[in-house]
Amino acid sequence: MTVIQVPPRSGRSAGADERWLARRRWARAGWLYAFMLVMSFFFLGPFLMGLLSSMKDDPNEYPPRLLIPQLSVASVRQAYALGVQGGADGWNGGLRPGRTVTFEVQVRSPAGAPQTPPTVALFPYQPVSLVSTTRFAQAKDFAQVQLTPAGTRGDVRTYRVTVRTPVLTRQPGRRVDGVLAAPDGDRLTAALPGGRVVPVTLDTPQAQEVQFTLPQYQPVELIERAGTYYLRGPVFERTPLQVDVRRGQQVQGSTLPPSDRQNFGRSLAFRNITPGILGYTFNNYRRAFKETTNPASGRSLFFSWVLNSFLYAFLRVAAAVVFCSLAGYALARLNFPGKTLIFLGAVLFAQMVPNQVNLVSNYVLLKDLHLLNIWGLWFNGLVAAGGVFLMKQFFEGMPRELEESASIDGAGPFTTFWRVMLPQAGPALIALAITQFQSAWNDFFWPLVILRENTDFTLTVGLSNFRELYGGQGDYGLILAGAVLSALPVLVIFIVFQRYFVSTGADSAVKG
Amino acid sequence: MTIRKVLLLGLALLASSAAAQKTIRITGYGGTDQTLLTDLINRFVKPTMAKQGITVVYQPLQGDYNKGLTTLLAANTAGDVMYLPAETLDGFVATKKILPLNGLVSTTPFIKSLNTAFTRDGKLYAIAKDFNTLTLVYNKDLFDEAGVAYPSNNDTWTTLATKLTALKQKLGSEYYGICLQPNFDRFGAFAYSTGWKQFDSKGKTNLADPAFVQAFNWYTGLAKDKVGVTPSEVSTDWGGGCLKTGKVAVAVEGGWVVNFLRDNAPNLKYGTALLPKNDATGKRGNFLYTVGYAINASTKNRAAAVKVLNLLTSAPAQQYVLEQGLAIPSRTALINNAYFKKTEAGAQNARLVFEGADDGNVRAFTFGPKGPDWGKPINEALAAVLSGQRSAADALKKAQSDMTTFQGR
């Protein structure tokens, strides 16, 4: 081995060379790092952009911004504080009876422009694409808004907007949250958190006035006193505020940045001034769960879709692990007539025929078996041909000596499989489970064909439903939130099991 | 012997319970309609039908409804009552699986043009569930800022164009007068306004008709100096999106724009006017977009199905739909409803959509027996001219030759 000696240059010490080399090393690492960043930007970019847009008020905003108020510390802190003011809860926000919320707006009125204060009002805002149209009471119909000047600096005036909600009963007692249930004749009833339905007493004229304006599923606050429940008032999820300034005036700032601007920036809308963090930064995520209620049961459809997807993926994985390993072992090691034929016909051929070809026959079969539901979906994917192939290849690669020694010890074929071979098959089984989970989770075509009721949908079909419902309304934030939520499990699985991903397939199958 | 008796008794019981448990299925759209119809059925249909031992269920078809309904009709598994969109009526009528309703249902309470939309050869195939027409929806702020009068119900093509041009000149390059979709489904209303007919007596379409050319030239002429702008030029894909940007003063849309604006531009101050009249004919043109309830010809419970249809289109049911601000129902008498007299922008829009149904040359939105591809040559011509790639005369010539090929197939 020859070592090339670099002759020390004049005017440069060995120390300087060391430093130069160190710099080079850092520069090289930097380049590599930058390259990886760029690559991950290209691969993860769409996902990250979707994630970012799913938090915006207007996911279609053009040009798109990377720095959005939903992620700025100051705004998030304000959202938390406003949530505490309105709903005593910095995370969920909302507006509860008896609360007062203050919100500040700064208006610049230069000399020559009108010096009048802005007009403020609550407005009805409730995304209407799905169920909510007729469902919930609006803060506008209950709360009072007041505007008071709160100081002047130069030509910028600060105004304080105060939103107050009335309390509809004077009874003292314990506060209980509830949701209105179907009225019992003329009488309002409410379901308590435990599920118990109780009659609601309206003891003031103000409370009696709202008797017919509050629909079923409306969240309310009640006062419990001696077994009687008095209506304290409805709980609003949002407090939408609108601010209009005159021509010549300009809104300089506000406690939260406005979500919509019209009229040359003179009409501002704040879709929710009591958001809390969930209602501000993760608004669309919360909406995905909250706004997809099934009108029959009041339960979140999105939640059922997630559960259905997990159930389906779990069943598929369990079935694949059991059947594929058994079938793979039988095809690899047992001798029986027609083995090659079964392998060629049932495994290879089944794998080569596209799903769409036997769509009609499978559909009709499932329909006749009354299995047009998630169980039929599972039944249809019970044995994965690809999985059988994978397990067969794996078992073929295992040394025969293992089985021979087992049979010397007197083990039959099943014991050999169960006690000797299966415990060795860990890597292949994990590979199988991961691929099955992923394909079940992402399965779209069959669920779309088979599932009829929207409570039975898996997440993929539910999301396509989302697109239909909200896409036409331009409500892309919700679709993006749903998409991000549906991608999360697969991402988590990828991150946790990535080393098995690398060693999937033939690699792990042949090595054992 | 006793076993046989028991079996017979069991069978009899089964048969009687089957007779008592008659079910009427309604096939319709998925999504929002699922919620609305379930609500409507629970309120207005179930109470009456339950007394006769009949249950009513709503069966939504998710995804492409026309495709889904075709499959169900072919497999004989469609509901007893079903949604029937007017634009695909001809195809479904040809299957002979839709029951003509003449003599079964009274048509008099419903708007005449809506009944016409569902009539072929004197046979009525559906009763309109609700409908929509086109209106001019305008951004009040832009007109105020430019100091130009709002579009009004008396506007003609010329006066509207003058207003839009003045507005554009006042506001400058970043703002536009009107959102022009390069589609027959908006442009067609203007073509009808001239008295142009979609199909002649032989079922052919004439795009060289001077009436059509006049409308085409006016519509595409607005794109001059960017008074008119296509949605894609303001990064959106329809008129509602144009309005939301706050940079386009007018869009030609129906009642569906109200909910969109309430969600997406809650502080936009907008108004609604009827479409402008053609200067020469003095008439407006308009589309009727409508979906009706039809009855399956092979239903086993015809009488019950008719009853369900009547309940779904009954006055209280339609009143409820209207007052919820969900759709514009099809009964003539509803014009006197208090909802239409409200000053709120959404209610104003609903009133004008309702009025548009029988003002001028109103035609059902349809593509004829050959389906949606019929509109392609027109859409291509509009897109080519609006984007400045072709001259109007040139584009129309090509459109006519494409249309002839299409209809000759």
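Colleague: How many salt bridges does the structure hold over all chains?

Modeller: The structure holds 32 salt bridges over all chains. Keep in mind that this is a predicted model.

Colleague: How do I read one of them? Take A:Arg160 and A:Glu104: how far apart are N and O?

Modeller: Look for a side-chain nitrogen of Lys or Arg within 4 Å of a carboxyl oxygen of Asp or Glu. For A:Arg160 and A:Glu104, the N to O distance is 3.8 Å. The pair links distant parts of the chain, 56 residues apart. A:Arg160 sits in strand β4 (residues 156-164) of chain A, and A:Glu104 in strand β1 (residues 100-108) of chain A.

Colleague: Why does A:Arg160 count as partly exposed?

Modeller: Buried means under 20% relative accessible area, and exposed means over 50%. A:Arg160 has 35%, so it is partly exposed. A:Glu104, at 28%, is partly exposed too.

Colleague: Now B:Asp185 and B:Arg186. Which of them is buried, and which is partly exposed?

Modeller: These two form a salt bridge, with the closest N and O atoms 4.0 Å apart. B:Arg186 is buried because its relative accessible area is 9%. B:Asp185 has 25%, so it is partly exposed.

Colleague: And B:Asp130 with B:Lys129: buried or exposed?

Modeller: Both B:Asp130 and B:Lys129 are buried. Their side chains meet in a salt bridge at 3.1 Å, N to O.

Colleague: Which residues are linked in a network of salt bridges?

Modeller: A:Arg96, A:Asp177, A:Glu221 and A:Arg232 are.

Colleague: Let's turn to the contact between the chains. How many residues does it take from each?

Modeller: Chain A gives 37 residues and chain B gives 31 residues. Together they bury about 2700 Å², with 47% of it on carbon and sulfur atoms. Four salt bridges are counted between chain A and chain B. One pairs A:Asp244 with B:Lys269, where the closest N and O atoms are 2.8 Å apart. The side of chain A that touches chain B divides into 14 nonpolar, 13 polar and ten charged residues.

Colleague: What about the nonpolar residues inside?

Modeller: In soluble globular proteins, nonpolar side chains tend to be buried together. Here the largest nonpolar core has 65 residues. B:Val308 and B:Leu312 touch the most other members. Helix α12 (residues 302-312) of chain B gives the most to this core, with seven residues.

Colleague: Which residues does B:Leu312 touch, not counting those up to four places away in sequence?

Modeller: Its contacts include B:Ile26, B:Leu37, B:Tyr293 and B:Ala317. Another core lies apart from the largest one. That other core has 54 residues, among them B:Leu171 and B:Val227.

Technical notes
Residues are numbered from 1 along each chain as its sequence is written. Chains are lettered from A and ligands numbered from 1 in the order in which they are written. This is a predicted model: local features need pLDDT of at least 70, side-chain atom pairs count only at pLDDT 80 or more; totals for chains, interfaces and linings use all residues. Side-chain values use heavy atoms; hydrogens and water are left out. Contact means heavy atoms within 4.5 Å. Buried area is the accessible area (1.4 Å probe) that two parts lose on being put together, summed over both. Ala, Val, Leu, Ile, Met, Phe, Trp, Tyr, Cys and Pro count as nonpolar, Asp, Glu, Lys and Arg as charged, and the others, Gly among them, as polar. A nonpolar core is a set of buried Ala, Val, Leu, Ile, Met, Phe, Trp, Tyr and Cys residues joined through side-chain atoms within 4.5 Å. Buried means under 20% relative accessible area, exposed over 50%, partly exposed in between (1.4 Å probe, protein chains only). Helices (H or I, at least four residues) and strands (E, at least two) are DSSP runs, numbered from the N terminus.
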